[in-house]
Amino acid sequence: MKVSPSLLPILRSRTQGELLALVLLHPEREYSITELAADVGVTPTAVLREVDRLTGGGILAERKVGRSRLVRARTDTPLYGPLSDLMSVSFGPLPLLTEALAGLEGVRRAYIYGSWAARYNGEPGPPPADVDVLAVGDPDPDALFDLAEDVSRRLRREVNVHRVSAEAWQAPTDDPFLTSVRERPLVELNLDVEA
C-alpha cells in the first residue's frame, strides 16, 4: 500500500502525484493505461480511476485507439502551467531521474535517498531543498555530472549524484556514507521502464 503524499499533502494520494508528474512533465507524450500502471507501479484499475478523475476535471485528455485509451496532459488550460510546476518540485524527481539514468550507460541501479526519499515514504517535514541520488555501477563521471546539472535545471533544485560500484554497494561495509544511505529510506528508480 502506498503511503500518503508528504511531498505535496494537498494531493489525495501518492499514486495521483506520481501519475500527474509523469504525464504533466512529458506533455509531448501519450501513455496507455498499461504504460501508466507499469510506470507508477499500481494496477491498471487504479490508474483508470485516477485517469477518469483527471480527465473529468480537464487536467488530462484522452483518446481511444481501438480498445486502448491514450492519455496526455492538457496544455491548453490555465491549470497546466502552475500544476506542472507543482508536480516538478514535488514528485518530479522520480520520472525525470528515471528517464535520465535509464539512458546512461554503466548505471545498473539507482536510488534517491535523503530527505526527498524520506518525504516520499511518508516522513513529515519541510519540502526538501535538494535531491540526493546514488548511481550504482560504472557510468562516466562527466556524463553523470552533466545529467545531474540537466535534471537540476528541470527540477529547479540541486541534484547531488553519488556514484558507487556495484561490488561496493552489494558488499558488507563500515563506510559511514554507505551505512547512512542504507539505514535511511531509499526510493529505487525503475530503470527497466521504457521511456
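Contact here means heavy atoms within 4.5 Å. The model is predicted: local features need pLDDT of at least 70, side-chain atom pairs count only at pLDDT 80 or more, and totals for chains, interfaces and linings use all residues. Residues are numbered from 1 along each chain as its sequence is written, and side-chain values use heavy atoms, with hydrogens and water left out.

**View 1. Helices H5 and H7 against the sheet.** Helix H5 (residues 93-102) lies across E4, strand E5 (130-137), E6 and E7. Helix H5 runs at about 160 degrees to E4. Helix H7 (residues 141-155) also packs on the sheet, where H7 touches E5 and E6. The direction of H7 makes about 155 degrees with that of E6. Axes are lines fitted to C-alpha atoms, for helices over the stretch in contact; angles run from 0 to 180 degrees between N-to-C directions. Helices (H or I, at least four residues) and strands (E, at least two) are DSSP runs, numbered from the N terminus.

**View 2. The open four-stranded sheet.** The strand order is E6-E5-E4-E7, with mixed pairing. Two strands pair if DSSP finds at least two bridges between them. Strand E6 (158-164) and strand E7 (187-188) stand at the edges with a single partner strand each, so one side of each has no neighbour in the sheet. Strand E4 (residues 107-113) and E7 run antiparallel, joined by two bridges. Ile-112 stands opposite Val-187 in E7.

**View 3. Aromatic pairs on strand E4.** Tyr-111 in strand E4 pairs with Trp-169 in helix H8 (residues 166-170), 58 residues apart. Their ring centres are 5.2 Å apart and their planes at 40 degrees, so the pair is tilted. Tyr-111 is buried, at 6% relative accessible area. Buried means under 20%, exposed over 50%, partly exposed in between (1.4 Å probe, protein chains only). Trp-169 is buried too, at 11%. Tyr-113 and Phe-177 form an edge-to-face pair, 5.8 Å centre to centre with 75 degrees between the planes. Tyr-113 is buried at 12%; Phe-177 is partly exposed at 26%.

**View 4. Arginines over rings.** The charged end of Arg-182 sits over the ring of Trp-169, 5.2 Å from its centre. The charged end of Arg-14 sits over the ring of Tyr-120, at 3.9 Å from the centre. The criterion is NZ of Lys or CZ of Arg within 6 Å of the ring centre and within 35 degrees of the ring normal.

Notes
Rings of Phe, Tyr and Trp (its six-membered ring) pair if their centres lie within 6.5 Å; planes under 30 degrees apart count as stacked, over 60 as edge-to-face and the rest as tilted.
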